[in-house]
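Okay, thanks for coming, everyone. I've got one model to walk through, so let me put it up on the screen.

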Amino acid sequence: MAWSKLKLDEVTVRRTKLLALRRQGVRYDDERILELGYSSPATARSDLKRALEQHRDEEAAEVSIYRQQENERLDALLEAAWPRATTPSPVFDKEGEVIDHVLDMRAVDTVLRLMDRRAKLNGLDMPVKTELTGADGGPLSVSTADPDKLAALIASTSRLDNPAPDNTATSTPDEDDDEEEDPAG
């Protein structure tokens with residue numbers, strides 16, 4: 001059964017108050033939330049979830065309408081620029097005689113920019129693939145470091161009073177370096 005306008009307004013007011021209290025960090029079991037008419041903290045939590053979902057649905061609908069309007073505007077602009085971009089225009093000499101037919105390159109550029117804008121607006125472009133690599137395009141080296149060794153490395157490379165720090169490496173030492181034994185010991 002559909003809710004009456006009065007009931008919908010009451011729910012909207014209650015959810016607005018609930019949202020405001022939650023933004024302030026008020027817990028679901030707080031008396032102020034229960035005083036809004038919720039029978040339990042779980043009921044308030046469920047109602048907040050419904051309110052947020054409704055908000056998200058409304059925003060998605062608004063975005064859809066905006067996207068449709070923008071597509072219609074792009075259609076109108078493309079319709080105006082398309083004939084000049086696709087139909088060669090005559091080129092005249094000084095006497096007024098046709099010597100050639102060429103496309104209007106400014107119109108071609110305009111059409112391409114409109115098409116690019118439409119692709120971005122509608123998410124038609126493929127995502128750009130990025131890849132991180134190590135030195136000289138090789139694999140990226142990732143390793144863990146002992147917290148004590150890391151602290152010592154930071155200390156030895158960040159001293160302003162030390163003109164020549166002991167360790168100037170930009171990465172952690174190799175595993176093999178850790179396993180080397182002291183020849184004296």
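Ground rules before anything else. This is a predicted model, with local features needing pLDDT of at least 70 and side-chain atom pairs counting only at pLDDT 80 or more, while totals for chains, interfaces and linings use all residues. Residues are numbered from 1 along each chain as its sequence is written, and side-chain values use heavy atoms, with hydrogens and water left out.

So, the fold. The protein chain has six helices and two strands, where helices are DSSP runs of H or I with at least four residues, strands are runs of E with at least two, and numbering starts at the N terminus. Reading along the sequence, you get α-α-α-β-β-α-α-α. Of the 185 residues in the protein chain, 16% are buried. For that word, I'm using under 20% relative accessible area as buried, over 50% as exposed, and in between as partly exposed, with a 1.4 Å probe and protein chains only. As for contacts, meaning heavy atoms within 4.5 Å, take those in the protein chain with a separation of 6 or more: 37% of them are between residues 24 or more positions apart.

Next, charges. Side chains of opposite charge can pair when their charged atoms come close. My rule for a salt bridge is a side-chain nitrogen of Lys or Arg within 4 Å of a carboxyl oxygen of Asp or Glu. How many salt bridges does the rule give? The count comes to eleven.

Let me show you a few. D9 pairs with K5, with the closest N and O atoms 3.2 Å apart. Those two sit four residues apart in helix α1, residues 5–23, so about one helical turn separates them. D9 is partly exposed at 35% relative accessibility, and K5 is exposed at 60%.

Over in helix α4, residues 105–122, R113 and D109 are also four residues apart, about one turn of the helix. Their side chains form a salt bridge at 3.2 Å, N to O. D109 comes out partly exposed, at 39% relative accessible area.

There's also a salt-bridge network, with R14, R15, D47 and R50 joined through shared partners. Within it, D47 and R50 meet at 3.5 Å, N to O. Both lie in helix α3, three residues apart, about one turn of the helix.

Is D47 buried or exposed? At 2% relative accessibility, D47 is buried, whereas R50 is partly exposed at 43%. The D47 side chain also makes a polar contact with the side chain of R15, at 2.8 Å. By polar contact I mean a pair of N or O atoms within 3.5 Å; within protein, one must be able to donate a hydrogen and the other to accept it, and residues adjacent in sequence count only if both atoms are side-chain atoms. Leaving aside neighbours within four places in sequence, D47 is in contact with R14, R15, L18 and Y38.

N71 is in helix α3 too, residues 41–86. N71 is buried, with 15% relative accessible area. Not counting residues up to four places away in sequence, N71 touches R118, L121 and N122.

On to the pocket. Rolling a probe the size of a water molecule over the atoms shows where empty space is left. Here a pocket is an open set of points on a 1 Å grid over the protein atoms alone, where a 1.4 Å probe fits, with protein on both sides within 12 Å along at least five of seven lines; lining residues have an atom within 4 Å of a point. The largest pocket holds about 220 Å³, the volume being the space filled by probe spheres set on the points, which are joined across faces, edges and corners.

Which helix gives the most to that lining? That's α1, with six residues. R15 is one of the lining residues, and L8, Q54 and E58 are among the others.

Last stop: P88, in the loop between α3 and β1, which is 89–92. P88 is partly exposed at 42% relative accessibility. P88 and H101 are 13 residues apart along the chain, with their C-alpha atoms separated by 5.2 Å. Beyond four places in sequence, P88 touches H101, V102 and L103.
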